[in-house]
Every structure is written in structure tokens, then in C-alpha cells.
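Here is a walk through a protein model, from single peptide bonds up to the relation between its chains. Please keep the structure open while reading.

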2 protein chains.
Amino acid sequence: MAYFDAASAAPLHPVGRQALLAALDDGWADPARLYREGRRARLLLDAAREAAAEAVECRPDELVFTPSGTRAVHVGIEGALAGRRRVGRHLIVSAVEHSSVLHAAEVHEALGGSVTEVGVDRTGAVTPDAFAGSLLPDTALACLQSANHEVGTVQPVAEVAEACRAAGVPLLVDAAQSLGWGPVAGDWSLLTASAHKWGGPSGVGLLVVRKGVRFAPRGPLDERESGRAAGFENIPAVVAAAASLRAVRAEAAEEAARLRELTERIRTRVPALVPDVEVTGDPERRLPGIVTFSCLYVDGETVLHELDGAGFSVSSGSSCTSSTLTPSHVLRAMGVLSEGNVRVSLPPGTPAEDVERFLTVLPGVVAGVREKLGAPVPAGGVRGAERGVEESGAPAVDAPAGGTPAGTSTVVDALVVDALGRRCPIPVIELARVIGDVPVGGTVRVLADDEAARLDIPAWCEMRGQEYVGEEPADRGSAYVVRRTS
Amino acid sequence: MAYFDAASAAPLHPVGRQALLAALDDGWADPARLYREGRRARLLLDAAREAAAEAVECRPDELVFTPSGTRAVHVGIEGALAGRRRVGRHLIVSAVEHSSVLHAAEVHEALGGSVTEVGVDRTGAVTPDAFAGSLLPDTALACLQSANHEVGTVQPVAEVAEACRAAGVPLLVDAAQSLGWGPVAGDWSLLTASAHKWGGPSGVGLLVVRKGVRFAPRGPLDERESGRAAGFENIPAVVAAAASLRAVRAEAAEEAARLRELTERIRTRVPALVPDVEVTGDPERRLPGIVTFSCLYVDGETVLHELDGAGFSVSSGSSCTSSTLTPSHVLRAMGVLSEGNVRVSLPPGTPAEDVERFLTVLPGVVAGVREKLGAPVPAGGVRGAERGVEESGAPAVDAPAGGTPAGTSTVVDALVVDALGRRCPIPVIELARVIGDVPVGGTVRVLADDEAARLDIPAWCEMRGQEYVGEEPADRGSAYVVRRTS
């Protein structure tokens, strides 16, 4: 078994586990009480705060523990916005923030605030100039992650922080994915993180508010954690979180280099081993352990299922996984392919053999899924490849997804593919199947009502060197128009 | 060492500890993921939810886990109020609810809602009629604890729930103190609880919302826990919480009888062993493990400190403990003495010998504190007792509290005690010192600016059989007027 989803959660670090066990004995009492059990709990809490602050490079009295990273983000954004209510109600977020940030932004907007989403390039990074350009006189707060959780791209936090500082706007950095690797550089104002991402236990987040930053926490509060995180302190977990952070930091430099080399193997070898793959994210400015790629003509859920069967736990930003019906907002903002998306995020300590085994298993898994879906068999030129499949005779009605089988009809000036009611990756597969029938210079219209088509049809065109003409409204769903250029 | 503060927090039950350790191995992954670690985590979460629901006597899909009992209360109240926004914005709470309920009520009031605080009798219980009488056509929600956390009095929840049901108003029951002992009877609509009160770990609360209750959670949310508790699930802690609850319930009937007998020893013997003591709370309708009493002429912080030195960890609702400057709102609502307040809350398994040792140690501790403070030595009648002390010559300037020594002066028609700047229990001690100088039928005015005086001077009158005439405004603080009746 190889667990390759550290960006979701990492198992508890052995040092954290030991600390947790010790603190279960010594840290269960109320730290606000004056008797010995309370004093002992208080000492543990204070020591954990000091250790965490040292790792963040902030003052202990700037840091509070929250019940989760999500809660840290929610409280941090609400409190910073409320603290600068007089300045204005404009909030800036990048388009690829964690959903907790985007949820807080939605609430802010629903309450009458304004939100600017700063776009990213194809690697997933914001540009400091674009970010700075969105700063307005009434901007109360800006939010930028330290690194992206889906593709691993590291954001230019220090440059953005400088621009924010110059404009007098506080910057909140969601450091959930990077804090285990090192402190966040730059002159940020607020920082959030989540312990279970660095090998700490569930149930612990960090919220850091620099001295001098206006902050007015919302909602019912109590006297705990400086009035910023109501409820009984979870001291055993907090102690374990701080101990784990210290432990992973001690190993960080060495482990980062090792994991970076392992993810580099995946980045370079997957495109060679698996045809029609797009590796996403910045190849240089990236986290050590995360690599993400998408495979044409494959549905994410089946790939995940097959990889799970082969002993690999990975996640996917495809729309056809789990309960979600829309592709990942991160891949959408980047404008890259979402179908057959696979995120590999290696936990520290991942043996090289596991990665090698993954590279051995993956090509067969993808080929198997493609075969089941009746996807075009890749070969040389587009015409040859797509024709080859049609000649193999795999009929559209064999496709396992629900709905009516896709139909093809020729109208006066364009071929139409009806993929209404068909889930990804069927619309793209149908497009690939007919492109050979389109004369060079002619167009094909794909009718589809699966959200992923909006992202994946243009991405397919980009990968295939065909021209994406645009989207047109249709009676049901949309018509995506593609011109054959070669 | 004897830890007698289970109402604040109980150490983790051995069964909970074992469950926690197992779930650290099997329950750290994201339960929303489809790979095996995720599925394993999901199974544990589902099983914990079923076990907790069984203990609450609700459906599993009515119960979500929150990061604390406090959070459960905050989310529960906000969500229920928002769900019935169209009905109105009136909220009912009892005056002796946990601070988390009162904080949520404050926020509701600050946002333009209205709040009725239903008073309690001297035992700390609401009367169902009074509670029902506060129901209005625009009442959106009513809140009543199952039992009080400071004095152990059990509330008439079933009767109040019936009245609420008849009025079509949902009742939220904070069951933090009682859920370990059994399910809450009656037709309530929402229920909250906190695992570390029943021997579960920190970091777990329960929020139950009965099917059919209108509920609209506020603030940024995610898809976890039915959209009612955002943030990564803390599955190891949740599993430990459910296992602990099951374990304490298995022992509950036997242990309740045993602890009830032990607290009964304290209830009956403390007044015999320590003079000038008021035992508070309902003698019959009460939790098994909690007993609370207050001692005249004693400051709570010193008593706690001395008891801690003698090996007993207890808490106090006195104003002179820890950081608080006001006496417990519970004791205030009950109208009972707050000075020298001691809450003993026995954890399951407390040996009888510990209670016996406490009863042996307590009289000396209280006497020692009284002596240091120059308090009147109790004897027969009031006059004798109070005169006795004056004759012993302990001067007011010996009192260890800060501020200027209290001065006594006789004006035309009344004696005046100046206790301005003096902290509790000094104003009451000074009153007791001079009462012997007041002619029967005459009055004495105590000038005091310590909040506790407002509660403790009337309470002293009640205990001493003197007449409390009332409070008058003064240049600083207030003048409390007492008439000597015997």
C-alpha cells in the first residue's frame, strides 16, 4: 500500500503521537484553573504556543490555536474584515485559494461586501502585478495561499506582501500546504495553517495575527485563546501538533530534496509512459511532494478506483469523482485539462520504490480505463489516431456512463456531436472520435451539459493543436465549437 | 491527590484512550476520499455517529460532531434562530445557562434580536410555568440546560419542552453536564454536549437537530458534517468520544448511586463541620457528582489555594478567583452567597476515602482563612459571635486584601462602614464586625465597590436573620443598607 495523498492529510508523526500520549495524561484539565492539573495544562499549552510561534517566526502572543485550519481561515478573514470595516469592504482572493477561503469570501459577498478574484497563469501562480493591480482604496484584506494544494505551485507571497504593505492592506497567507517545510517569507499580516497537513493530529489549526493588525473577531466568543477561538482548548492535540511541526522541520531540508527528486521522476516520466497527458503546475517554483497530471479520455473516478485496487491512494480534481459534479476550481482557473486528473502528494518518508511501482502500474491503468470507455487509441497524427479507433469499431453505446448514447449528425456546414446527458470524459472522447471526419478548416459542434466540458474541450484543443472557436448557448447545455486546423 | 473538578473536565476514560490510539492508526485520513484509508476513516466516523446517536436517543443523521461543546452551542443557537427568522427574533434562555449560551444570546441581542432571561429559584431551577410564560408569538428559540454546571440542579426539561412544543417553539437543551449519566427525557428539538465532560477527549462536541426543526447554519461552511461543522473531521477524537460515552453509560447507574451518596455526605456534613456555610442547589433533583457550598468570611481564591496545597482540586464561583472580578452569574441568579464558594464535582471512580479526607481537611482550611482575614469567630447568637471577634482585637488593618483599611463612622441615624476599594469578603466581614454596635431596629450602611457585595450582603442578611433594606447609589460604588432585627 502506498498513500500518496499527503496534501489531504498526513498520518500522525511518531513524535506527535508520543507527545499526544504524554499530554493525554498531563494536559486534559482546564488551563484556566489554578489547581495543579490546571497549571500543568497551562504550562503545556504555553510551551506548545512557543514552539509553534518559533516555527512560524512570530511572537507567541500573536498565535492562537483553533479547532482546524478551516476555522482559522474563517475566523481570520472575518476578524480582519471586521477590524477594517471603516476602510471598506473590498476583499481580494486568488482564484486558486483553498475552498475555506472562497467560502468565507462568498459569505462576505452575501453580506454586501465586494470580492475580487485574482486570476492565475497556466502554472497556477498569481502575478504580483495583477494582484497589486486589484488593490483598491477600500480594500480591507487580501488573501493569498503560500502554495497551491492541488498542483503544488508556490505563490509569490513576499512580492505580493510588499505590494499590500505599500497599499496599507493586510495580507492573510493560508500556509496550510507549506508550513511543514518552512516559515513563510515576506511581510505578511495574518497566517493560517492546519496541523494534520504537516503530520500533526486532526483538530488543530493556527491563526497568527501580527501585532498592529486591526482585528475584531465575530460571533460569540469566550476568554480562551485571546478571544479568538471559543471553546475548551484541545491541549493534547495542540501539544502533538507543535511537537510534530518541530519534528518535520528538523527533517525538512533533507526530505524536501528527496521528495522533489521523486516528484520530478513523475513529472518527466509520466508523459513519456502515458500518451495524451498534461502535467500541471510550475515545474520549478513548487512544493517538494506534489505533482499533478491529467489524462485525456479517462474519468477520474475510475482511475482512482483502479489505482486504489493497485494499492495507491491518490486524489483527483476531476468532476467525475466522489460527490462533486464540477471540476476543481483550481484547474478551471488555470485553464488546464481536468479529465483524468490525478494528484500525487507524497508524505515524508515515501520510499523511492513506491514511486517506481506507481510509474510501472499507471500506464496500464490509464490504458485499461481508456479501452473500457472506447477512447481513441493514440498513435501518430490526429487523423490516424482517431480513425484508428473508429475502425476498431468501439461503438458509442458501449460507453459505460449513463444517459443516451451520443449521436452524430451532419448538418449543412458543420458536424454535430450530441453528448447531452453524458458525463466527462465522454464528450471529449466523442469529439476525438469525429474530428477525423471534419474537413480541415471545417467545424464540429459538441452539445454537452456536463460542466467539465467547458474546461476540457478547450484543453483538448490546446493539447491537440485544434482551434477552439467558442461556446454557444443551446436548448440544453452548451454547444462547444471546434475548428479542425490540421 | 484528589481531582474534584469533573464538571470542568474529566480525564480521558481508559476505554476512550484505547479507542483513540486505535483510531490514530485507522482514522487519520479524509473520510470524503474514496481510497481505502478514506473508506476506513469513514467507517469509523459512521460507527461513532451511530454510537453517539444511540446514547442521545436520536437518529444518526440528526447528529453532527463539532470541535467543542461551545461550538455546538454557538452553531446550534445561531442556526436555529436563522431557521426561524420569519417567525421572529425572540430568544429565551434561563439565567443560569452555561456562558456559551449567554454569549450567543448577547451576540443575538447585539444584532437586533430580543432576549428574555428566565429567572430561577434559590435552588437554581426554572419553574416550567415561568418559562412557558415567557414564550411569545415571535419566539424563535428557547434554551434550557439539562442540569446546572455549578450547583448540579436538574432542570424540568420535559415539562418545559412540552410547553415549547405546544407553542411551536423549538427547545435547545445544553446537556453538557448530564449526557454521561443518561439521555435527556422529553420532546426537545436541539441538543448540545461536550465530550470532555463525560470522560471523552477534548475537541469534540455534539449538535443534534431533530428532523423537521428549521435550521439554517450561519457563516462559511463546507460539505463536512452535513454543512453544520466546517473543517476536517477529528475522527480519532470522535471515536474516542463515542467509546467513552458508551463506557461511562455502562457504569452510570451504579456510579450515580455511589457518587450521590458521597456528595450527600458533603451536603449534610459540611454545614455541621464548618460554621456559617450555605449549601446551594436542589437537595433532591440534582446531578450525582456535584455539590456546591459557600462559606461566609472567606475568599474563594485563598480557599482554593489552600485546598490545592492539601491535595484537592476544586473550583469556585467566587469573584475573587482567577481573573474574574464578578461572582458567578449562576449564584447571582439564585440569590445565594458567592463568597467562599466551593464547587466539588466528583469524577466517576472517586474513592470514598478521598471524600472523607476532604471532610477532614476542609474545616481547618476554612478556619485558617477566616483567621487570616480577621473574620468574626462564629459562636452562638449574632451579637455574641460578632462581639467576640471585636474583643479578640483583630484590627481591620490586618486584613490582607489591598486598598485602604475599612473605616467605621457613626452618623446621626446610622453606622457607616467604608469598604470602598476592598475586595470580597472584606465588606461582609466588616459588616459582621459592626452589626453588634447597631441598636436593634437601627441600620448600618456598607459602602462597597466590589461587585460581589451586591450578592453577598443580602445573602449574609438571609443567613444571619437580619433585614436587608436595599442598595442606594453612592459617590463611589453603592451603599448597602442593613437593619439589625435581633
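P425(A) sits in a loop of chain A, between β14 (414-418) and α12 (426-434). This is a predicted model. The peptide bond that joins C424(A) to P425(A) is cis. Its omega is about 5 degrees. Chain B has a cis bond as well, from C424(B) to P425(B), with omega near 5 degrees. P425(B) is placed in the loop between β14 (414-418) and α12 (426-434) of chain B.

Backbone angles are also worth a look in another loop. E225(A) belongs to the loop that runs between β8 (205-209) and α7 (235-273) of chain A. Phi of E225(A) is positive, near 45 degrees, and the residue is not a glycine. S226(A) lies in the loop between β8 and α7 of chain A. S226(A) is not a glycine either, yet its phi is positive, at about 55 degrees. Are these residues buried or exposed? E225(A) has 7% relative accessibility, so it counts as buried. Buried means under 20%. S226(A) reaches 57%, so it counts as exposed. The cut-off for exposed is over 50%.

Now turn to chain B. N234(B) lies in the loop between β8 (205-209) and α7 (235-273) of chain B. Its relative accessibility is 12%, and therefore N234(B) counts as buried. Which residues does N234(B) touch, leaving aside those up to four places away in sequence? In chain A they are S202(A), G203(A) and N234(A). In chain B there is G203(B).

Next comes a helix pair within chain B. Helix α2 (residues 36-56) and α7(B) cross at roughly 35 degrees, and their axes come within 9 Å. The crossing of α2(B) and α7(B) is left-handed. From α2(B), the contact takes in A41(B), L44(B), L45(B), A48(B), A51(B) and A55(B). From α7(B) come I235(B), V238(B), V239(B), A242(B), L245(B), R246(B) and R249(B). Sorted by class, this contact of α2(B) with α7(B) holds 11 nonpolar and 2 charged residues, with no polar ones.

Another helix pair spans the two chains. Helix α1 (residues 14-26) of chain A packs with helix α1 (residues 14-26) of chain B at an angle of about 165 degrees. The axes are 12 Å apart. How do α1(A) and α1(B) run relative to each other? Angles over 145 degrees count as roughly antiparallel. α1(A) and α1(B) are therefore roughly antiparallel. Their crossing is right-handed. R17(A), L20(A), L21(A), L24(A) and D25(A) of α1(A) meet R17(B), L20(B), L21(B), L24(B) and D25(B) of α1(B). The contact of α1(A) with α1(B) has 6 nonpolar and 4 charged residues, and no polar ones.

Last, consider the chains as whole copies.

Conventions: Residues numbered from 1 in each chain as written. Chains lettered and ligands numbered in written order. Predicted model: local features only at pLDDT ≥ 70, side-chain atom pairs only at ≥ 80, totals over all residues. Heavy atoms only, no water. Helix = DSSP H or I, 4+ residues; strand = E, 2+ residues; numbered from the N terminus. Buried < 20%, exposed > 50% of the residue type's maximum accessible area, 1.4 Å probe, protein only. Contact = heavy atoms within 4.5 Å. Axes fitted to C-alpha atoms, helices over the stretch in contact; angles between N-to-C directions. Parallel < 35°, antiparallel > 145°, perpendicular 65-115°, else oblique. Left-handed = near helix turned anticlockwise from the far one by under 90°. Nonpolar A, V, L, I, M, F, W, Y, C, P; charged D, E, K, R; others polar.
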